[in-house]
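Welcome! Please open the model in your viewer and follow along, one selection at a time.

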Amino acid sequence: MKIYADNAATTKMSQTAVEAMLPYLTECFGNPSSLYEAGQKAKEALETAREEIARIIHASPREIVFTSGGSEADNQAILSAAALGEKKGKRHIVSTAIEHHAVLHTLKKLEKQGFDVTLLPVHEDGIVRPEELKAALREDTCLVTVMYANNEIGTLQPIREIGELCKEKGIPFHTDAVQAVGHLSMDVERDGVTLLSASAHKFHGPKGVGFLYARKGFRLSNLIEGGAQERGKRAGTENVAGIVAMAAALKEAEANREATALRLTALRDRLIEGLAAIPHSALNGDAQKRLPGNVNFCFEGIEGESLLLLLDDRGICASSGSACTSGSLDPSHVLLAIGRKHDVAHGSLRLTLGEDATEEEVDYIIQTVTETVDRLRSFSPVWRDLCSGKSPFIL
Amino acid sequence: MALYSEKVMDHFRNPRNVGVIENADGVGEVGNAKCGDIMKMYLKIKDEVIEDVKFETFGCGSAIASSSMATEMIKGKPVAEAMKLTNKAVAEALDGLPDYKMHCSVLAEEAIKAALKDYYDKNGIAYDESAFPDCESCGHCQI
C-alpha cells in the first residue's frame, strides 16, 4: 500500500487545476502587460482568477495581490504593517509562539530593527486565548498576526474573536491562513481580517504561487520593485498559468469543502483513536478544534526520524517535529510551546490525510505505526529505562 | 538522491547485534535524550578479545546504523584494536553520512570507548585517560 499522509507539507495537484493551467503554458503564453490579443487574453485570465479567489474569501478583487506563495505573502503583510506603524511611531507587534517560520523570522528581523515583539504563549491545547491577546495590546501596537490553523498540530485559532478585538482598537490584523484556505470556510468580513496569506500548493494547486489579501485602504509596501504589475504592489511578470491553476484548485476545493471536511474529520478521529491505544503516546493539540485531516502524536521512548524512515519503507509518507528531520538541534518550536519536553518532542509524528483517504488506509496506518513504534522501542535504551522504572514516564 | 547510502539503510533496517548482554564485562552509554540520541553498548570480553557486543539506540536512522556498523567492526577483535576505532572509519564503512549526521558516528565511537573504559575500570586495568574523548568533543550539542 502507498499512502501519502503529508498533505500539510504539500498536496498533489488536482486534475482540474492541471488542465486549467496547460493552455497558459502553451498557446496562451502572452504577457498580461502586452497590448496585443495573446497578452490581453492572459490578462483576462488573471483577472478572472482574481475575481474567483476574491469571491471565495468574501473580498473584492482589488484586495487580492498574487505572490510566489505563503512565505512571500507573510513577509509582505508583516513588513507593510511595520512600515505603516513606524510612520506613526508604533513599533509593537503581537503574535504567537506557534507561528510558521515565515512569520517568526520576519518578526525576528523587525526586532533587530528596534521593534518590540510579544509572542503569546499557547496553552496545552495549542490554542491562543483572546483575553491574553487583549491584555498584550498596547497604545503602540501596529500589528497583530495570528495564524488561522497551525501547520504542525492543526489547531484552529480564535480568529473571529481576535478580529473583533483588533477592529475595536483599530489595529491591523494579519492571519497566515496557508493551512486553512481551501479547507475551512474563509470570510475576511466575518473574521475582521485586514491581511491574509494563502498558498496554492496546500489546496491542490501548483507550488510557487499564492496570494495576499489586503483590505481596501491598507497600504502595502513592496518586497519586489520593478514594473507596475499587481497595481504596483508586486513587480515581476505574473505567473499566469500558476495563478489560473490556483483559482481552479480553490474553486474545486470550495465546492467540495463541507463534504470533504465531514468525511476527513471522521477519518481523523478514527486515526486518533487508533493511535491513542499505543501505550505512552499523546495527541498534540486540541482533539476537536483542529484541521479536518491533521493528526499529530508523540510516542515516548523513540525518535521521529527513524519512525519516518521505517514508515516510508512500508509505504506511508509522513513527517515529524524531531530535530533530526529539521537539521537543527531543537525539536519543533510548536511542540515545545505546548509544553512537550525535548525528549518527548523528538518522538513526534504528523499525519495529514488527503481528500481521497479511506478507512482501509487509516486502519493500515494505525497497524503499521503501532508495529513500528513497538519495534523501535524494543531496542531503545530510553524505553528500557522507562519500563524498568529508572526514569519516570512523561506520557 | 536518497538521504542515506544503501549501506546506512541496510544497517538501519536490519541492525546487527541488537540487544543486551546480561552481566556484561563493559557497558557504556553516551548522548542524551534531550538532543535526540542515546547509544548504549554492552561488551563480553574474554582474554582481551571482544567475544560479543550488543547495542541499544534511541535516535535517528544514522544513529542506529552507526551503532550497528560499529559493533560489527569490533566484534571478535582484540580490545587494543577496538580502542583504535574512529568515527571516520565507521562513517566510511557506511559509505558516508550527511555532514550534519557525522555526530552519529562520533557517538558510536564514544559509546564503544565508554564501554571499554568501564571494562578497564571494573578490572583495575590502567589506561591513558586522553584516549577517551568526552562527549562534548563532537560539538553537536553546541550547534
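How many Å separate the centres of domain 1 of chain A and domain 2 of chain A, taken over C-alpha atoms? In this predicted model, those centres are 28 Å apart.

**Stop 1: the two domains.** To see them for yourself, colour residues 3-8 together with 257-387 of chain A, which the domain assignment gives as domain 1. Then pick another colour for residues 59-238, assigned as domain 2.

**Stop 2: where the domains touch.** Here 18 residues of domain 1 of chain A are in contact with 18 residues of domain 2 of chain A. On the domain 1 side, select β10 (294-299) and α10 (333-337) of chain A, the elements that give two or more residues to the side touching domain 2. The largest share of that side, three residues, comes from α10(A). Sorted by class, the domain 1 side has six nonpolar, eight polar and four charged residues.

**Stop 3: a pair of helices.** Next, select helix α7 (residues 240-276) and helix α12 (residues 359-378) of chain A, which pack at an angle of about 20° with their axes 9 Å apart. Because of that angle, α7(A) is roughly parallel to α12(A).

**Stop 4: the side chains between them.** Show A:Leu267, A:Arg270, A:Leu271, A:Gly274 and A:Leu275 in α7(A); they meet A:Glu359, A:Val362, A:Ile365, A:Ile366 and A:Val369 in α12(A). By class, this contact of α7(A) with α12(A) has seven nonpolar, one polar and two charged residues.

How values were computed
Residues numbered from 1 in each chain as written. Chains lettered and ligands numbered in written order. Predicted model: local features only at pLDDT ≥ 70, side-chain atom pairs only at ≥ 80, totals over all residues. Axes fitted to C-alpha atoms, helices over the stretch in contact; angles between N-to-C directions. Helix = DSSP H or I, 4+ residues; strand = E, 2+ residues; numbered from the N terminus. Parallel < 35°, antiparallel > 145°, perpendicular 65-115°, else oblique. Contact = placed C-beta atoms within 7 Å. Nonpolar A, V, L, I, M, F, W, Y, C, P; charged D, E, K, R; others polar. Domains from an automatic or database assignment.
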